[in-house]
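Work through the exercises below with the sequence and the structure in view, and try each task before you read its solution.

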Amino acid sequence: PVLFLDTFHHFPQTLAYRDELTDRWKLKLTNLRAAEPSIGLWQRERTQACCARHKVEPLFSALEQYDTWFTALRRDQSASRANLQENEPFRLPSGKAIRRVAPIAGWTARDVWRYAKANDIPLLPLYDLGYTSIGCEPCTTLPLDPGNPRSGRWQGEKLECGIHIEAK
């Protein structure tokens, strides 16, 4: 199954892209949603609360039924991901240990674009508009620092939403 975090805050292009790939590749898509969604929580509280409710909690809850999680994280995306291993244990907040597999951990953005082109994989159209890291619409801008592809996320408030941070 392919797990998709429906945060209620996605760009329309992201949802159309999800649907296109699901149809094209006949994916077994599971849309994950917060038990109690709160549209605009990022405005009323902080982005941390919004990400926790709409991303972290639904994903970690869903991962409880699996022993392996495949992700497209790459080391070149940020300093916080620089030591990412392709296959490593990951502890969920419940204490359950699963495997997190990042098969393209060592790839660069250029490697991704080359692979996509060589294998006729469509790209999310937002990249053509200059976005380099795409999340929820209210918390994603064009990069503020051209040397940092994730600098357009959360207005510089944080580096990660929390789904890639292991429970201690």
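**Exercise 1: the largest cavity**

Around the largest cavity there are 14 lining residues, and those nearest its centre are Cys 50, Cys 51, Lys 55, Cys 136 and Trp 154. The model is a predicted one, in which local features need pLDDT of at least 70 and side-chain atom pairs count only at pLDDT 80 or more, while totals for chains, interfaces and linings use all residues. Residues are numbered from 1 along each chain as its sequence is written, and side-chain values use heavy atoms, with hydrogens and water left out.

Task: State what volume the largest cavity has, and which helix gives the largest share of its lining.

Solution. Begin with the term: on a 1 Å grid over the protein atoms alone, a cavity is a set of points where a 1.4 Å probe fits but cannot get out, and lining residues have an atom within 4 Å of a point. A volume is the space filled by probe spheres set on the points, which are joined across faces, edges and corners. The volume of the largest cavity is about 100 Å³. Next, look at the lining, where helix α3 (residues 47-63) supplies the largest share with five residues; helices are DSSP runs of H or I with at least four residues, strands are runs of E with at least two, and both are numbered from the N terminus.

**Exercise 2: two salt bridges**

Task: Find which residue pairs with Asp 6 in a salt bridge, and which pairs with Glu 88.

Solution. A salt bridge needs a side-chain nitrogen of Lys or Arg within 4 Å of a carboxyl oxygen of Asp or Glu. The partner of Asp 6 is Arg 33, with an N to O distance of 2.8 Å. This pair links distant parts of the chain, since Asp 6 is in the loop between β1 and α1 and Arg 33 is in the loop between β2 (29-32) and α2 (41-44), 27 residues apart. The partner of Glu 88 is Arg 100, with the closest N and O atoms 2.6 Å apart. Here Glu 88 belongs to strand β4 (residues 87-91) and Arg 100 to strand β5 (residues 97-101), twelve residues apart.

**Exercise 3: buried or exposed?**

Task: Decide whether Arg 100 is buried or exposed, and do likewise for Asp 120.

Solution. Buried means under 20% relative accessible area, exposed over 50%, and partly exposed in between (1.4 Å probe, protein chains only). Arg 100 has 8% and is therefore buried. Asp 120 has 54%, so this residue is exposed.

Notes
On a 1 Å grid over the protein atoms alone, a cavity is a set of points where a 1.4 Å probe fits but cannot get out, and a pocket is an open set with protein on both sides within 12 Å along at least five of seven lines; lining residues have an atom within 4 Å of a point.
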